[in-house]
Amino acid sequence: MNANLPLRPDLEGESPYGAPEIDVPVRLNVNENPYPPSAAVIESIATAVAQAAQGLNRYPERDFPRLRAALADYLATESGAHATPEQIWAANGSNEVMLHVLQAFGGPGRTCLTFTPTYSMYPEYARDTLTDYETRPRRKDFTLDVDAAVSAINELRPAVVVLASPNNPTGTALPLEDIKRILEAARGHGPVLEAEIGSPARVSDCVVVIDEAYAEFRRPGVPSALELVGPAHPHLAVTRTMSKAFGAAGLRLGYLAADRALVDALRVVRLPYHLSAVTQAAALAALSHRAELMAQVASLRDERDAFVEWLRAQGLSAHESDANFVLFGPFPDREAVWRALLDAGVLIRVVGPEGFLRASIGTPDEMARLRTALTAAIGR
C-alpha cells in the first residue's frame, strides 16, 4: 500500500542506486580491491579504533586536521602533489565529497555538465541537490572531444563540470593538456552571479572536478590532475578515495584536493561532525601502511594488462584501462553472457555502451576462473 507522503515529484518512481549484491565465489562487479587487509593492517586499525573508542562520549574532531595532513602527505608521495592540509577535504566516500561540491556550487537554476558514458552516480548527485544535469557524448573511442566540451561550457555556463579520469566504465584517462583546456574554458563561464543594486552582474568560474577514484592504477607515465592543483587553478578540485587502491571500500573514506577557498566552501555545507572518530582513526591507521598497500596496486595493474591482452586474443574488443577494471565486448546479447558467467559463479557488471561488459580485476585465481567461464560462455 502506498503511503500518502509528500515525496518530491522528481523522485517519483526512482529506485535506490546499487549494483547487484549476489553471494558468488568470484565477485568482480563493483571495482573493489580483491585483497583483504593484511594481519598487520588489521592490527593497526583495531588498535587505533580501540583508542578512539575510549573517547566516544565526545564528538570527533570536526575538521579532522590530522587526517587531512596525512592525506596531503600521501598525495605528495603518490603524485608529487604539494597540497597543504587546508587544501584537503574528506567525507564518507568520494560520493559524499561530490555531494558537498554540488551542495556548495550547484542548486536550482544551475547546471552540472559531464560527458557520457561515465559514472552512473553523477546524475543522482545532481538530482539530490536540485541541480540541472546535462551531458554530451564522448568520442567512439571514449576519449574526450575537447572542442565539443569547450563549446558546451560556453553554451551552458555550468556551475560544475565533472570529468572522471580514469573514466568509469571505460578506464580512459585524460591528458593534462585536455584538462588545462577545460580549465581555461571554465574561467568566466560559470553562472552569472546576481549583484547588489546599482552594481553590474558578475560572471563566475565554473568549478571543474576531476574524479580520480582509480588514479593509483594508472599506467606509468600517465599524470594525475593533482599536478594542476594550486593558485593558478582555483576552480579545480581533484577527488580521490581509499576504497579502491587501499582496499578499504568498507571504510568509506573519500577526499579532495583543491584551492583553500574551494575547500572552505565545502566546510559550510557539510553536516557537523560528519566523519566519525572511528572512521578517522581507521583511515589514519590504513595510511600508515601505504607502502604495503601500493604493492598490491602494482600486481593488479599487471593482472589488468594481461587480461586485456587475453581478451584481444579471443577476438574481443578490450579498451586500454588506467583503472582496476576492463570494459570489453561487444556481445550480441550481453545479458546472456552475464548470466552464463553468473551461473559459473562469476559476477561482473552490465554497464556502459550497449553490448559491453565490465569486469573488475581480481586475484590470479579469480581471473583464471573468469577466463574459463567467459571462454565457455562465448564458445571460444
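Pro 117 lies in the loop that joins strand 3 (111–116) to helix 4 (122–128); here, helices (H or I, at least four residues) and strands (E, at least two) are DSSP runs, numbered from the N terminus. The peptide bond leading from Thr 116 into Pro 117 is cis, with omega near 0°. Pro 330 sits in the loop between strand 12 (325–329) and helix 10 (334–343). Most peptide bonds are trans, and most residues other than glycine have a negative phi.

Before going further, a word on the model: it is predicted, local features need pLDDT of at least 70, side-chain atom pairs count only at pLDDT 80 or more, and totals for chains, interfaces and linings use all residues. Residues are numbered from 1 along each chain as its sequence is written, and side-chain values use heavy atoms, with hydrogens and water left out.

Positive phi values bring two further loops into view. Asn 31, in the loop between strand 1 (26–27) and helix 1 (39–53), has a phi near 60°, a positive value in a residue other than glycine. Asn 31 is buried, with a relative accessible area of 1% (buried means under 20% relative accessible area, exposed over 50%, partly exposed in between, with a 1.4 Å probe and protein chains only). Arg 157 also has a positive phi, near 50°, and its place is the loop between helix 5 (146–156) and strand 5 (160–164). With a relative accessible area of 25%, Arg 157 is partly exposed.

Turning to the chain as a whole, 11 helices and 14 strands are found. The radius of gyration is 21 Å, close to the 21 Å that the globule rule gives for 380 residues, so the chain is as compact as a globular protein of that length (the radius is taken over C-alpha atoms, and the rule is 2.2 Å times the number of residues to the power 0.38). The C-alpha atoms fill a box of roughly 75 × 55 × 55 Å along the principal axes.

Of the 380 residues, 51% are buried. Among contacts (heavy atoms within 4.5 Å) with a separation of 6 or more, 72% are between residues 24 or more positions apart. The chain exposes about 17,200 Å², and carbon and sulfur atoms supply 53% of that area, as computed by the Shrake-Rupley method with a 1.4 Å probe; for residues, only the protein chains shown count as cover.
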